[in-house]
Amino acid sequence: MFKNREIMSRMLIKPAAATVSAALQQQQRQQQQYVIRRWKSFLQNNNNNNNATRRAAKSTTTTSTAAAAAAATRKSGDFIQPLDVRRSFSTSHKMPSSSKALQINNINPNFIAMEYAVRGPLVIRAGEIERELAKGAKKPFDQVIRANIGDCHAMGQQPLTFLRQLMALTFETRLLDSPDYPEDVKKRACAILDGCQGQSVGSYTDSAGLEVVRRQAAQYIERRDGGIASDWQDIYLTAGASPGIKSILAMINSEVDGKPPGVMVPIPQYPLYSATISEYGMTKVDYYLEEETGWSLGRKELQRSFDEAKKTCNPRALVVINPGNPTGQVLTRDNIEEIIKFAHDNKVLLLADEVYQDNVYDKNSKFWSFKKVAHEMGEPYRSQELVSFLSTSKGYLGECGIRGGYMEVLNLDPKVKAMLTKSITAALCSTTAGQVAVSALVNPPQPGEPSYELFKKERDEILAALKERAELVHKTLSSFEGYKVNPVQGAMYVFPQIEIPPKAIEAAKAKGMAPDVFYAFELLETSGICIVPGSGFGQRPGTWHFRSTILPQTDKLKLMMEKFRVFHTDFMKKYK
């Protein structure tokens, strides 16, 4: 499913200064309008073989064009006002003649409003270019480099032998008799199978996941946090971190005192949050990371955001991504303590997105879990309501497609926790393949076991290569004219600020694009490199960024950086 960032004005929270709010809305509107137009074009093109549906698409396009024209008359500054999705696709409009029960104007408008930038129009175009190249089309490049998404294996990372052996043994149990598999892996496979009904991973598990794996996750957390206790019954196994995050946001989606629920998210942020908030009809409450100080987070900014949002909604949760996506920063312990105090003082649920906790490259940075810091702060902070998330998609495993993860749910009211558990049972259980992957993550080979040396070698090589690439990308992009690049302390991305010349901004405006979207499309069409514009993540008004992964293998990454250098040099010459 393609997910979209919210564009409806009722979901935008005004910053303290009205001018900042207006500028932020103006900056994002072009990207939002472009996404709407792109999706409607996509829908129409896919209905070319159905005359009735084609007439419906034409009617819808006419309606949206009229709305866009009306919006153009309400122009503010240099940017066009956003398309009113609910009005444009309202069911109060006369339904066009069609044999289809479901049409674009009678589905949930939140689906239309959503945007998921890392798989948006640029990625669609990248796929089109790949098909054109396969058919022999002549381009200035011979391949598309997909630097838009954190998909480790797609970028050439090899799977860890230990994890794949564990999965092989649990899914094909006859291999347990093979001498080709180490005994410590067989022992772990048997423990997992003993926890499955019928000793088969083809059976349903408990809704929260296999007890044996949940216990392993709790033991892993205790080791990570220096012995701080973890109760396995607080662990819920999920299909990656995303379903866990969505389940928590769904649970808090309730009006209080007549006000809609708000969720505080960092700007820049990972689009999963804005997409889900939009899907659920909640209110996104932006707080800004401080780019000038390495994307740090201050208590003053959190309080400003919270107090301003209280005028129109009830902020109920605070999302913190550490290490940061897309910004690549690693929060200091002092910073984390400030955040915990804020959450406690303002009675908001703290959501700690810690999926990159193994991805720390800066020698002066260290990962601190929110749980550990809150515990060591003592009461009342030790009792702070907290949910933390981890995934097998990131770290050194990079197993994105297997979909494994967990969340640890702490200090919720027992009745509330019971309701969360009940809601999860409706989905039966997460995939057993993902649960086996979680077991590999939290219960890896230990020194002295047969698999340990190979496991350690493969893990260390992956993390060392990521560190090398993080430094390479930072050094290269920092040399570009008009670039400001913070060091990549952790995670898998770089998020540079770029100065876009006025002439290029005018060219972007002429095409109905935000300047950073225009820059990204020019890069894709010229060099074959696919990135994500900063407007897909949010950014301070008047600034432009993009996100690129550091995941391409080193040789390809060097090639990508050289293509980038040539493109940017030509772009600046063209539009200066």
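**A walk through the chain**

Of the 576 residues in this chain, 57% are buried, meaning under 20% relative accessible area, with exposed set at over 50% and partly exposed in between (1.4 Å probe, protein chains only). What you're looking at is a predicted model, where local features need pLDDT of at least 70, side-chain atom pairs count only at pLDDT 80 or more, and totals for chains, interfaces and linings use all residues. Residues are numbered from 1 along each chain as its sequence is written, and side-chain values use heavy atoms, with hydrogens and water left out.

Let's start with the overall picture. The chain holds 19 helices and 14 strands; these are DSSP runs numbered from the N terminus, with helices being H or I of at least four residues and strands being E of at least two. Take the contacts (heavy atoms within 4.5 Å) with a separation of 6 or more: 73% of them join residues 24 or more positions apart.

Now find the open sheet of 7 strands, which runs β2-β8-β7-β6-β5-β3-β4 with mixed pairing. Two strands count as paired if DSSP finds at least two bridges between them. At the edges stand β2 (235-238) and β4 (283-288), each with a single partner strand, so one side of each has no neighbour in the sheet. On average, neighbouring strands here are turned by 25 degrees against each other, direction ignored.

β2 and β8 (residues 405-410) run antiparallel and are joined by 4 bridges, and Tyr236 has Met407 in β8 as its bridge partner. Helix α8 (residues 211-224) packs on the sheet, touching β2, β7 (386-391) and β8, and its direction makes about 115 degrees with that of β2. Such axes are lines fitted to C-alpha atoms, for helices over the stretch in contact, and angles run from 0 to 180 degrees between N-to-C directions.

Next, look at helix α10 (residues 271-279): 9 of its 9 residues are buried, so the rest of the structure largely encloses it. Among them are Leu272, Tyr273 and Ile277. Just after α10 comes Gly281, with a positive phi of about 70 degrees.

Finally, head to strand β14 (residues 546-549). In a regular strand, side chains alternate between the two faces of the sheet. Both faces of β14 are covered, with Phe546 and Ser548 buried on one side and Arg547 and Thr549 buried on the other. Strand β10 (residues 493-494) runs antiparallel to β14, joined by 2 bridges, and Val494 stands opposite Ser548. Strand β13 (residues 532-533) is also antiparallel to β14, again with 2 bridges, and here Pro533 has Phe546 as its bridge partner.
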